[in-house]
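Open the model in your viewer and keep the selection tool ready. This tour goes from one selection to the next and says what is found at each.

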Amino acid sequence: MAAEAPLLDEFRRLRARVPQLTGALAAGVDGLVLAHDTPGVEPDGLAALTAAALGVAQRMTDATGRGDFRELLVRGVDGYVATYAAGETAVLTLLAKDGVNVGRLHLEGRRAGARIGELVDAEAAPPRRSPAKSSAKEPKEAKEPAKSMPTRTRTARSARTTTANARTTTTDS
């Protein structure tokens, strides 16, 4: 599990940049809390709900061909719940008042999610062995020669036509 102190520091900086935030939670994609600052909201329940919403959001982006999950925004009468991808194994969930500048929330949430992802992924990465130690243990004859990378050629794209709201748009690349 990631060290909690750097995550809480990131939450404090985030609250300074977006004063309308009322809570922040970093959780694993499995729904386990990594760090939280969620006064009045039970963090384990929020982490579990975040994992469930993440699962649905990932299936939705897959089913619609929109690529990997990046963010999810839910608006209620009293404010917002925003969830952002945070590296390979975590998500950041932010709670904000109704009057928050949503553009600012997204900007800062994406940045914080990227930083938290770096912290969590670095903590989860297995320790790397130094090349000198690993090559000393292997005989030189056992190493395979490096294979050359295949050459990629670039072909011109044809014009793409899409239909949106009964209008036809042609885009050239």
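This is a predicted model: local features need pLDDT of at least 70, side-chain atom pairs count only at pLDDT 80 or more; totals for chains, interfaces and linings use all residues.

Residues are numbered from 1 along each chain as its sequence is written, and side-chain values use heavy atoms, with hydrogens and water left out.

**Stop 1: helix α1**

Select residues 4-17, which are helix α1. Helices are DSSP runs of H or I with at least four residues, strands are runs of E with at least two, and both are numbered from the N terminus. The end C-alpha atoms of α1 are 20 Å apart, which agrees with the 20 Å that its 14 residues should span at 1.5 Å a residue; the expected span is 1.5 Å times one less than the number of residues.

Now colour L7, E10, F11 and L14, which are buried. Buried means under 20% relative accessible area, exposed over 50%, and partly exposed in between, with a 1.4 Å probe and protein chains only. Viewed down the axis of α1, the buried residues fall within an arc of 105°, so they line one face of the helix; the arc is that of the directions from the helix axis to the C-beta atoms. A5, R12 and A16 are exposed on the other side of α1.

Next show β1 (21-28), β2 (33-37), β5 and α3, against which the buried residues of α1 pack. Contact here means heavy atoms within 4.5 Å.

**Stop 2: helix α2**

Move to α2, at residues 43-63. The buried residues of α2 include P43, L46, T50 and L54. They fall within an arc of 140° seen down the axis of α2, so they line one face of the helix. On the other side, D44, L49, R59, M60 and A63 are exposed. The cover over the buried residues of α2 includes β1, β2, β4 and β5.

**Stop 3: residue H106**

Which helix holds H106? Select residues 102-124: H106 lies in this helix, α3. H106 counts as buried because its relative accessibility is 14%. Leaving aside residues up to four places away in sequence, H106 touches E71, L73 and Y84.
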